[in-house]
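Dear colleague,

I am passing on the model we spoke about, and my notes on it follow directly below. Please read them alongside the coordinates.

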Amino acid sequence: MSEDRLIELETRFAYQEAALHSLSDTLAAQHARIERLERTCRHLLDRLPTAGDGAEKASARDEVPPHY
C-alpha cells in the first residue's frame, strides 16, 4: 500500500470518527430534551383534570341566560 493511500485512509477515518462523536453528542442532547418534554407533558396531564373543572365552571358562567 502506498504512503499516499495510507494517509488518505487515515484522514477519512479521522473525519468519520469526528462525525460519529458529533452525532453521538447530538443524540444525547435530543434524548435529554425528549425526557424533559415527557416530564412536562406528564405534569400538564396531571394538572388537566383540575383545569377541566375550572373551564367547565367558566363556560357555565358565560352562558346566555334563558330569558334572552
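L9 lies in helix α1, which covers residues 3–61, and the secondary structure of the chain comes to one helix and zero strands (helices are DSSP runs of H or I of at least four residues, strands runs of E of at least two, numbered from the N terminus). This is a predicted model, in which local features need pLDDT of at least 70 and side-chain atom pairs count only at pLDDT 80 or more, while totals for chains, interfaces and linings use all residues. Residues are numbered from 1 along each chain as its sequence is written, and side-chain values use heavy atoms, with hydrogens and water left out.

At 32% relative accessibility, L9 counts as partly exposed, and buried residues make up 0% of the 68 residues in the chain (buried means under 20% relative accessible area, exposed over 50%, partly exposed in between, with a 1.4 Å probe and protein chains only).

The structure also holds two salt bridges, each defined as a side-chain nitrogen of Lys or Arg within 4 Å of a carboxyl oxygen of Asp or Glu. In one of them R5 pairs with E8, the closest N and O atoms being 3.9 Å apart, and these two residues, three apart in helix α1, are separated by about one helical turn. R12 forms a salt bridge with E8 as well, with 3.0 Å between the closest N and O atoms, and the two lie four residues apart in helix α1, about one turn of the helix.

Best regards
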